[in-house]
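Subject: Structure handover

Hi,

Here is the structure I promised to pass on. Please open it alongside this email.

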Amino acid sequence: MNAPSGPVRRITGAGLVLGGDDVETNRILPTRFARHPTADVLGRCAFADDRLRATAAGAVHPFEDPRHAGASTLVTGRNFGCGPHGHAALALRHWGVRAIAGAGFGEAFRDDCTAIGLPCVELDVADAAELAELVTAEPRRELVVDLDRATLRAGTWSRPAGIPAAARSVFVDGRWEVLTELVADPGEIVTVTDRLPYLAAFGYASRPLSVLCAGPMAQMRDDDTGP
Amino acid sequence: MGATLYDKVVDLHTVRDLGAGRHQLFAGLHLVHEATGPQGFAMLRARGLGVARPDLTVATAEHVMPEGAQGCLCSDPRTAALLTDLEREATASGIRYHSPSLRDSGSVHVLAPEKGYVQPGMTVVCGDPHVGAHGAFGAVALGIGPTQVREVLASQTVTVRRSAVRRVQIDGRLGGGVTAKDTILYVIAVLGVRSGAGLAYEFCGDVVAAMSMEERMTLCTMVSETGARCGYVVPDDTTYAYLRGRARSPTGPAWPRAVAWWRSLASDHDAVYADRVVIDGNRIPPMATWGISPGQSTAVDGATPTTRGAGSAERAALLEACDHMGFQPGQALSTVSVDVAFLGSCVNGRVSDFTAVADVLRRSGKRVSPHVRAIAVPGSHAVDEELTRLGVRDVLERAGVEVRRPGCTLCVGTARPDGTEMCASSSGGSSRGSQGSPWARTLVMSPITVAAASVTGALADPRKVFALHGPGPRPEEVR
């Protein structure tokens, strides 16, 4: 993956369609592949089980279809990326997906995508179906995901590509990579920790962990004052 | 205007507004495991950064633990690399590492509460969605991706968008043989897998109040399957009794002050909710999923839906699920034979889960069907030791259940059903490939429903199999 950096304003390239609703993160990246120590091999594992099933059925999965090689915008149905696992966004990004257009997304998945500079834009259900038909009929058709204008265009076909104004500005201003912001002012963080009762008053982190966790079960004490 | 527990906790932990609807939130506890931790550490080192708060970070190994009771920890080079990486990084950073080689590890969502790391009013984050478990304590527990693991390691903060709160009130009383797992499967069946988007779920009502902490953890662990960002239970005396005396719990004069603060976190009577849902707990039957989504479930003595009256999307989803599962629309679940029975996972891998199974097996004298491979995987080494101490392991093994090394195993595919085997499972996920095999079929249910399937060799109502009579109605289909 060429790691993106800076503003993400427009993604231009071919599309590929992954049909159906409620595609779970377990399908995007089967959980057994999460054991890879580095993320760069995850792209090869994207939809691994779906690919196997397609091959067994004599079909070609979109992620293996040479007509979609190099595609950059993934077109999906409703609630794409629902369910549990955080590696799914990385797997798609490493495969080469640079934008996802669909009729709704799993919330944590969309956050994961944002954290790696991969915008998820929301289409009307009918528009998503129409776009899927367009891309299926003409795989090399160029799609333009325009975050400045919040539109998705395919030649003369153009539809609103919903992304909340606030979320759009994160990409357009290049603030999706938040690490720099998060570590910018440690003083503000200390202000918070000073007001947290469990840190400031109840001794949560004041005892050495080697003592706290010496046994396999928490050591019960009988000298506590009861509630 | 009052506030919910979610509002109070998030307000307290908010560092600043990052604009664009995002907030920087302090993480009171960061749970790290070997599936997302090493990648987070690698990304951290690539930026030349260190760990901000090792004292608020806890690591353990769980996801890639090997299959089989006698498996070698390092038989797979990738497994070995992950374990080595995590232990090295944690040790170098001063992070407490619960090591499998010291029999001190476990599923992070089982281990963290039993070690006393989780308390009411905290924010808890983990590179795993089932972190929702810790909401059982009245904590705001958020799943994060590998990139965000790096951010939390570097800053002990995470970027969040604030959620509205849905109040999910479960009234009444669960019937005999009906468990917390059935409750959350029922909630998902009623509310769907999409309707939680943008929401935090506050679970309340008589059913929740009557639950033990381990049952509340089961309830909250699967909140990610509802589409909600997190879920929680307001702490009460059950919570405080569980916490009292645990390693990180306040002691001496700090204890009553802590309890007073925890009580103050309860949602105000005039708190504002996005909406309120009331569910009749008396109507909840033993449940089982029949499809490839946690929302595709019904009473275990029910049937898969028919296509009658289904819209095109629902019909397509039904047929896709039936195609994978080898079912027909309208097929009675009692006709479904099982090959594998799995007891364990971060949803149902705690002591009371295995004790409940051992109890019904011992009382009934029933044994695992010769056609079924029954596997029990304790959620942690501490659970494992407790099961041995209580004699539960003996009961399970005498009934024909193979008790394996603690960890996640089937949930993440380190042990897996073969081919197209049908697995009755107490885990959380039923999607294709969720147990490591692209062809295997997973039916999610409670531990005692798994036990009923394991002794009969087919899906069965545990109330009938084990003669569990108690309060509550006869089975009723959800849909």
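Below is what turned up in it, by topic.

One caveat before the details. This is a predicted model.

**Aromatic pairs**

Across all chains, there are ten aromatic pairs. Take Phe63(A) and Trp95(A): their pair is tilted, at 4.4 Å centre to centre and 45° between the planes. Phe63(A) sits in the loop between α3 (48–56) and β2 (73–80) of chain A, while Trp95(A) belongs to helix α4 (residues 87–95) of chain A, so the pair ties together parts that are 32 residues apart in sequence. Phe63(A) is buried, and its relative accessible area is 5%.

There is also a cluster to look at. Tyr198(A), Phe202(A), Tyr204(A) and Trp261(B) are linked into it by ring pairs. In chain B, Arg246(B) lies over the face of Tyr242(B), 3.9 Å from the ring centre.

Start with strand β5 (residues 142–146) of chain A. It pairs with strand β6 (residues 151–154) of chain A in the antiparallel sense, over three bridges. Val144(A) has Arg153(A) in β6(A) as its bridge partner. The two strands form a hairpin with four residues between them. In that turn, Ala150(A) has a positive phi of about 55°.

β6(A) then pairs with strand β7 (residues 157–160) of chain A. This pairing is antiparallel too, over four bridges. Ala154(A) has Trp157(A) in β7(A) as its bridge partner. The hairpin of β6(A) and β7(A) has two residues between the strands. Here Gly155(A) takes the positive phi, near 65°.

Helix α1 (residues 5–13) of chain B is mostly covered, with eight of its nine residues buried. The buried set includes charged residues: Asp7(B) and Lys8(B) are both in it. Also among the buried residues are Leu5(B), Tyr6(B), Val9(B), Val10(B), Leu12(B) and His13(B).

In α5(A), the buried residues include Glu107(A), Phe109(A) and Asp111(A). Asp112(A), Cys113(A) and Ala115(A) are buried as well. Just after α5(A) comes Gly117(A), with a positive phi of about 75°.

**Cavities**

A search of the whole structure gives six cavities of 30 Å³ or more. The largest cavity has a volume of about 340 Å³. It is lined by 34 residues, and the closest to its centre are Gly83(A), Ala108(A), Pro129(B), Ser224(B) and Ala228(B). Two elements give two or more residues to this lining: α5 (107–115) of chain A and β7 (140–143) of chain B. α5(A) makes the largest contribution, with four residues. By class, the lining has 15 nonpolar, twelve polar and seven charged residues.

How much space lies in the largest pocket? About 900 Å³. Its lining has 43 residues, and those closest to the centre are Asp21(A), Asp22(A), Arg194(B), Ala313(B) and Ala317(B). Elements of chain A that give two or more residues to the lining are β1 (10–18), β2 and α6 (125–137). The largest share, six residues, comes from α11(B). The lining divides into 21 nonpolar, twelve polar and ten charged residues.

The second largest pocket has a volume of about 650 Å³. It has 33 lining residues, and the closest to its centre are Gly177(B), Val178(B), Thr179(B), Glu215(B) and Ile448(B). In chain B, α6, α7 (206–209), α8 (213–221), α13 (351–364) and α16 (447–456) each supply at least two residues of the lining. Which helix gives the largest share of the lining of the second largest pocket? That is α13(B), with seven residues. By class, this lining has 13 nonpolar, twelve polar and eight charged residues.

That covers the handover.

Best wishes

Conventions:
Residues numbered from 1 in each chain as written. Chains lettered and ligands numbered in written order. Predicted model: local features only at pLDDT ≥ 70, side-chain atom pairs only at ≥ 80, totals over all residues. Heavy atoms only, no water. Phe/Tyr/Trp six-rings, centres within 6.5 Å; stacked < 30°, edge-to-face > 60°. Buried < 20%, exposed > 50% of the residue type's maximum accessible area, 1.4 Å probe, protein only. Lys NZ or Arg CZ within 6 Å of the ring centre and 35° of its normal. Pairing = 2+ DSSP bridges. 1 Å grid on protein atoms, 1.4 Å probe; cavity = no way out; pocket = protein on both sides within 12 Å on 5 of 7 lines; lining within 4 Å. Points joined across faces, edges and corners; volume = space filled by probe spheres on them.
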